[in-house]
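Hi there,

Here is the structure I promised to send over.

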Amino acid sequence: MWDGGIDSALVLSVGVEALGKDNVTAVLMPSPYSSRGSVDDAAELVKHLGVKSVVMPIEPVMKAFEQTMSQGLGMFETYPGDFTFENVQARIRGTLVTSLANRARALVLNTGNKSEAMMGYSTLYGDTAGAFAPLGGLYKTDVY
């Protein structure tokens with residue numbers, strides 16, 4: 001799964017190194033929060049690694065979530081820095097990539113690292129989706 005971050009790029013690269021490019025599928029899921037640069041970088045990395053890939057834009061799913069949640073969200077005031085929909089984005093991605101893995105009889109490689117796990121700085125059921133975390137024992141500074 002690609003979210004434009006260094007963690008995702010490294011996990012994809014480690015997956016290819018460990019499993020071989022024919023055994024890895026990259027799932028690119030651009031959203032309204034994705035920059036043009038991260039979308040282009042993801043496509044370039046996939047091309048460079050030679051892995052199978054699928055692009056599944058998630059904006060329609062995000063809009064469906066927003067519409068479905070509107071009554072409940074309307075009960076609460078918004079606030080500066082509200083990241084509700086950025087977390088929804090991660091959870092949608094987690095659901096989609098794990099569903100694809102179910103169909104493919106495959107495992108999802110989690111992109112999380114030790115710093116995120118220790119600080120709780122990840123989206124539960126989103127960033128934490130995955131059967132194995134190749135970076136799970138590394139601090140963010142080690143990843144960089």
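Which residues are buried in H1? They are Asp-7, Ser-8, Ala-9, Val-11, Leu-12, Gly-15 and Val-16, where buried means under 20% relative accessible area, exposed means over 50% and partly exposed lies in between (1.4 Å probe, protein chains only). Before the rest, two notes on the source. This is a predicted model, in which local features need pLDDT of at least 70 and side-chain atom pairs count only at pLDDT 80 or more, while totals for chains, interfaces and linings use all residues. Residues are numbered from 1 along each chain as its sequence is written, and side-chain values use heavy atoms, with hydrogens and water left out.

**Helix H1**

Helices (H or I, at least four residues) and strands (E, at least two) are DSSP runs, numbered from the N terminus. H1 has 14 residues, and its first and last C-alpha atoms are 20 Å apart, close to the 20 Å expected at 1.5 Å a residue; the expected span is 1.5 Å times one less than the number of residues. The buried residues of H1 pack against S1, H2, helix H5 (114-119) and helix H6 (140-143), with contact meaning heavy atoms within 4.5 Å. Just after H1, Gly-20 has a positive phi of about 90°.

Asp-7 sits in this helix and counts as buried because its relative accessibility is 7%. Its side chain makes a polar contact of 2.6 Å with that of Lys-140. A polar contact is a pair of N or O atoms within 3.5 Å; within protein, one must be able to donate a hydrogen and the other to accept it, and residues adjacent in sequence count only if both atoms are side-chain atoms. Leaving aside neighbours within four places in sequence, the contacts of Asp-7 include Thr-111, Asn-113, Glu-116 and Leu-135.

Arg-105 lies in the loop between H4 and H5. Its phi is near 55°, a positive value in a residue other than glycine. Most residues other than glycine have a negative phi. Arg-105 is exposed because its relative accessible area is 82%.

**The second largest pocket**

This pocket has a volume of about 560 Å³. Of the 27 residues that line it, Val-24, Thr-25, Leu-107, Val-108 and Leu-109 are the closest to its centre. On a 1 Å grid over the protein atoms alone, a pocket is an open set of points where a 1.4 Å probe fits, with protein on both sides within 12 Å along at least five of seven lines; lining residues have an atom within 4 Å of a point. Grid points are joined across faces, edges and corners, and a volume is the space filled by probe spheres set on the points.

Helix H1 (6-19), strand S1 (25-28), helix H2 (36-49), strand S2 (52-55) and helix H4 (84-104) each give at least two residues to the lining. By class, the lining has 21 nonpolar, four polar and two charged residues. Here Ala, Val, Leu, Ile, Met, Phe, Trp, Tyr, Cys and Pro count as nonpolar, Asp, Glu, Lys and Arg as charged, and the others, Gly among them, as polar.

Best wishes
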